[in-house]
Number of protein chains: 2
Amino acid sequence: MRNLTWLFAAACLLFTNAIFAAPARCDESALEHKFDASIRPGDLREWMKLLAAEPNQVGSPHNRANAERILAWFKQWGWDAHIETLQVLYPTPLSETLELLGPPRPFRATLQEPPIPGDTSAAATEPALPAYVAYQSDGDVSAPLVYVNYGMQDDYKTLQRLGVSVKGRIVIARYGSGWRGLKPKLAQEHGAIGCIIYSDPSEDGYSVDETYPNGPMRPPRGIQRGSVADMTLYPGDPATPQVSTAQTARRFEIAQAKTIVKIPVLPISYADARVFMQSLGGRAVPRTWRGTLPITYHVGPSAVPVHLAVRSDWSPKPIYNVIAMLKGARWPEQWVMRGNHHDAWVFGASDPMSGQVALLAEARALGALAAQGWRPKRTIVYASWDAEEPGLLGSTQWAQTHAGELRKKAILYVNSDSNARGFLYVAGSHDFQHLVNQVAADVIDPETGVSIGRRLRAKLRVEALEPGAKEHIKEMARAAADPNRDVPIEALGSGSDFSVFLDHLGIPALDVTFADEGDSAGVYHSRYDTFEHHSRFVDPGFVYDAMLARTAGRIVLRAADSDLPVQRVQDFAEAVSGYLAEVRKLASDRREEVETQAALLRDRAFQLAADPTKTHGLPTPLERGPHVEFASLEDAVDRLKRSAKAYDEALARHGPALDAARLARLQALMLDIDQTLAPAAGLPGRPWYRNLIYAPGRFTGYGAKTLPGVREAIEEQRWADANRYARLTADALNAYCERLDQAIALLTGAPSAPVHASAL
Amino acid sequence: MRNLTWLFAAACLLFTNAIFAAPARCDESALEHKFDASIRPGDLREWMKLLAAEPNQVGSPHNRANAERILAWFKQWGWDAHIETLQVLYPTPLSETLELLGPPRPFRATLQEPPIPGDTSAAATEPALPAYVAYQSDGDVSAPLVYVNYGMQDDYKTLQRLGVSVKGRIVIARYGSGWRGLKPKLAQEHGAIGCIIYSDPSEDGYSVDETYPNGPMRPPRGIQRGSVADMTLYPGDPATPQVSTAQTARRFEIAQAKTIVKIPVLPISYADARVFMQSLGGRAVPRTWRGTLPITYHVGPSAVPVHLAVRSDWSPKPIYNVIAMLKGARWPEQWVMRGNHHDAWVFGASDPMSGQVALLAEARALGALAAQGWRPKRTIVYASWDAEEPGLLGSTQWAQTHAGELRKKAILYVNSDSNARGFLYVAGSHDFQHLVNQVAADVIDPETGVSIGRRLRAKLRVEALEPGAKEHIKEMARAAADPNRDVPIEALGSGSDFSVFLDHLGIPALDVTFADEGDSAGVYHSRYDTFEHHSRFVDPGFVYDAMLARTAGRIVLRAADSDLPVQRVQDFAEAVSGYLAEVRKLASDRREEVETQAALLRDRAFQLAADPTKTHGLPTPLERGPHVEFASLEDAVDRLKRSAKAYDEALARHGPALDAARLARLQALMLDIDQTLAPAAGLPGRPWYRNLIYAPGRFTGYGAKTLPGVREAIEEQRWADANRYARLTADALNAYCERLDQAIALLTGAPSAPVHASAL
């Protein structure tokens, strides 16, 4: 027995070479082992089977039943839980028509996903929503069709060069490349009167792997539903922007809701799309526009018109957010939040139930620890959100309602959504990057027996060997190859419930998932995202859904129980410094691009290079812009790097010895430090987005734009905005640094001079 | 009238700012206008219709009739012409079988290209060869099938990582990426017992554009024939390597012929291929391995075996090279050569008749000039080659037969082959780059009214704007944007009749074509490469086939009539300097790659990154190699740059004033200077290839490898070869420089000291 005791002590000494929360590591390790023991894949399997048994769209009976079921579980597991109900604008289709008005023969799109024998899609008794996208506008239009590839900004530039206009026409875009909602938005901006979006087999159909039920990928009649509300302006209820509760706010007229696209839109399957694509005339598409339907893709227009009509029920629908708390023993006024939505487009086994059952497993395990007498030092708040799918309505409306409290209390929001067998991917606030790496180093991957962190490092290094690997991947691989460096986490854009916390309130957020080996992309937002599909192709045995619970649960546990602040701010400083370098390069590349294009226009190069037997057109001349005033931002980033290094070192050296009063003051300084990065001004033209470091791109949707005020201004030739936001971003970083400098003074006992120093 | 005369004089002054052949420019311009006037698209059309009316494979009656027809034309146009006949080893298939031995049901490949109504493919009366590849080995094998993507080296590395072996199996490869003949060669080296090659619709079928007869691309049953003789070892008759005449040389046994692949091989259509591809099991292929058949591509192996059997008639067949001469008036012992083959796989309208009719148009125009009293200063030799398709047999055997004379007399060989509407592309010896640019500046593009040079510059600049444009394209665009710089020409590998001249004899060569707007890729080597296809989709009106005649004809005319040598050697020096930089980078990247891979293997990264539910394997460890001794090559390149600059300047300053005796000595020095680059040693393992600057890659086939002795040694970890060929290449460049230094001394009247200076 003695030998074993000695071994355990040695192991703890090894663990404590990590400088953060070091004194707690042995207790922590024991606690986490107990936590793990409560997480049983078989339970996750049963919960998913129950939750994904019937359609779960907003307003459906089963979605409401799920909320009540989840509430009951939380209560049963010892949490203080309740449901917050709201009424939101949520249209559902009453009638839909999409047809090609022949010749050679008229064709009416089926718009249906036939049931698959043996699958929930055949067994369910409640009605599913038909193929549709939320927050399109009802309409009835007929016009020739034009293919716009992914329907993104660059595609319209190409279309201009191809000499084809979408004005007065209906566009057909394939899914992929950027967020769904940008496709009708850009189509409308270019004068189109309707929009069809289809799933090309090259993206998630037979080209990738066999189709369901033979394999994981999208079958010919599978349809991707989704929201097309302009989430890049603001998420949440389109009819009640920036107000705290749907019940009390004056409702906009639907016509005034800025995030509702003004043209009718329908999503279709590739079985249907093939007929419409074959109707297109005009030149064959450029190489990068080709999909893998067995036809020649043409740009269009079609000789015969397409008829598109949609009519919806625009009445309000109820949504149910389940909120559960486990009160902190020492600092109850500090919250660690964790969330995952429970609404789905149809059954939603992978999206969102795979993440939801992980969250439930964590909740039960935490409840079990509490039942054994443990209490977290901070309050843990778990949320099962409703109405994420139509546009993050549940989380957004809830967080806006509770904004004041959240700003004071929330130290971190940990999100998940879909999950699959594979590798750990975390994105989010970079001051929590080290915490993520510490957790990743301590969770063992069941397929390989090494830590999930080590496995991810292996993956990144192998990926970087692929021919044509991007510089970003190579940089990740260099970090991954060095055991003394952390694996960088990616920046967050939008696309799940973290948005209101990070983008609007400035509260640090992490989004956690496993991915890459299992694949739910082929059933994404379709009727085939079922328990059977998830069990067979996405996470057989529910092993990685349980891994998500172990990983996200550990992040929550460590953030809730650490005495010292868990941020390592040098990681944030390094990330911001890299972003600034990117933005400077963007400005410089942009100037070069303008000059190159001007010379080509002057020399008539576009005309001379064009094939005169085909339609073609000239690009819009780029505008020559001034240099951007980067100096204040450069100074702020330099300061950030210095302050961050000083803070991290001071925390490591003096943190463990702080008395309770100083620890409380330190916590107060660091709890809401990230909110300094999200001042009230907001981003140009979309003030709901306040975070000046991270935002979803105006023209990427889910994809992140870092230093967005400056970066997007340069991309979009808004030179006054570029200078203004360079300054505003510098101010925000200086405010962040002032907090750090106060914390350094507190930790080192130095005179408080730096505390009141103005920027620089 | 006076004004017009003045304008013409001014135009001539403008032209003469080019330093080469300047005194002759006004006469030249008048001569070239006369030359142009004889080139009439309607004639080219009629000739093609005649030449491509029946199948023209080696040994066919129509191919022989064409040779005699071409001979008669040359004679009619005043040329001294004859046919040189040879017997060569040229197998033709007697029987072919390719079948999938079921279940679900046995399938026998059709191996047929059905006729298309209204097309020569339906109208011809002579039999066409069936689908086959020349110089495969007869055999009868049955085995499971494995998909190997393009069947190139990197694909076998990927296959190893996917944990799939081809040993004892039959492989199926898609056309594309590298030369056809490498596919069975590499399959055989990896242990495969048979090879199928198919045309994927992503490469040249419906994905690119509509299929013939609705559009230019390959129809479902179209088949690409071709040669699979290992041309990277040596081209020409496989049975008589490196001997001068097929008639007199002892014939190898077929089994001993090193360039004949040892396994049976068949090419198939995508209609047939789909069934075989669908039979494959195993994991779905990686993204870059996907084609656009409407199925999931799997790696294999297939559950049921494939049966492949081929039997051929290996008897010798006659070939007919037509050789025509127009004797030089002043320097008859200096030859400017021009060639294009006349044999085809079937009708060969685009390949080779589009180039053949251009060559004929030039020959008639030159004959017409001669009939009016003009004689070229140098002898012009036109060749209409036979048996290019099976492996450059006609040109190779002829040039080997006449090697001694060619080494003494040939100053340049100008090649063409297929041609299409579009942009001028020239590849070849860089000392002739400036001549090409001068000609390109003087030929007017009929679609745009600007010179073909200016149009190409526009094209390159616009291409460089494409997202993801390669650095090579961007560098080309930078040159194209600067009117004071020439557009770089590409290096030549193999794939047409220039090979024996450039690669074996060291005679400078240029390959000239128009391409990009018309497209014959979809009928390449198929029964559908017909007069109707060419007229409709490749070059309607035969406008660009006539442009080829005007362009290649001008190159021939200027090279034949210039008093001074036409080379500008700084262009060559610049190209070689760039190649050396590439090779040094290759060596350095290679060392980094070795270290990276070693670290990944040490850390078990490949295992950890692999999906344990799928087959996978480890890469072969790369061998750590020594640094390569580049110093002598660096010195030689430095010297080359100095000598080239001094020579070009001396030629411009003193050349025009040379007396006849010194001019003759200068010409003698420069006539065969490029042959110093092709010493007798030859490349490692393939001594037929002597040129140390340009060669077809051992693992690219048609694609060029520059500084091949060193570059390929590094790529293939042959470190002793790398050092040896760095030295040999340096010696060759020094020998080239010694010639230059002698020429400089001659031009400047300086003491002849540098002439005898040894290297450096």
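Which domains does the domain assignment of chain A give, and where do they run? There are domain 1 (58–89 + 317–429 + 492–562), domain 2 (92–313) and domain 3 (570–756), with bounds taken from an automatic or database domain assignment. Keep in mind that this is a predicted model: local features need pLDDT of at least 70, side-chain atom pairs count only at pLDDT 80 or more, and totals for chains, interfaces and linings use all residues. Residues are numbered from 1 along each chain as its sequence is written, while chains are lettered from A and ligands numbered from 1 in the order in which they are written.

**Overall build**

- Chain A has 25 helices and 19 strands; helices (H or I, at least four residues) and strands (E, at least two) are DSSP runs, numbered from the N terminus.
- The radius of gyration of chain A, taken over C-alpha atoms, is 26 Å, close to the 27 Å from the globule rule for 760 residues, so chain A is as compact as a globular protein of that length. That rule is 2.2 Å times the number of residues to the power 0.38.
- Along the principal axes, the C-alpha atoms of chain A fill a box of roughly 85 × 65 × 55 Å.

**How the two chains meet**

- On each side of the A–B contact there are 35 residues, where contact means C-beta atoms, placed from the backbone, within 7 Å.
- Helix H14 (452–463), helix H19 (569–602) and helix H20 (605–609) of chain A each supply at least two residues to that side of chain A, and H14(A) has the largest share with 6 residues.
- By type, this side of chain A splits into 18 nonpolar, 5 polar and 12 charged residues. Here Ala, Val, Leu, Ile, Met, Phe, Trp, Tyr, Cys and Pro count as nonpolar, Asp, Glu, Lys and Arg as charged, and the others, Gly among them, as polar.

**Domain 1 against domain 2 in chain A**

- The C-alpha centres of these two domains lie 29 Å apart, and 37 residues of domain 1 are in contact with 36 residues of domain 2.
- H11(A) gives the largest share of the domain 1 side, 5 residues; that side holds 18 nonpolar, 15 polar and 4 charged residues.

**A sheet in chain B**

- Seven strands form an open sheet with mixed pairing, in the order E1-E12-E14-E13-E15-E17-E16; strands pair if DSSP finds at least two bridges between them.
- Strand E1 (80–89) and strand E16 (422–428) of chain B stand at the edges with a single partner strand each, so one side of each has no neighbour in the sheet.
- Strands E12 (316–326) and E14 (378–385) of chain B pair in the antiparallel sense over 5 bridges, and B:Leu326 stands opposite B:Ile380 in E14(B).

- Most residues other than glycine have a negative phi, and most peptide bonds are trans.
- The bond from A:Asp351 to A:Pro352 is cis, with omega near 15°, and A:Pro352 sits in helix H10 (349–371) of chain A.
- A:Asp516, in strand E17 (509–516) of chain A, has a positive phi of about 100° although it is not a glycine.

Technical notes: Two residues are in contact if their C-beta atoms, placed from the backbone, lie within 7 Å.
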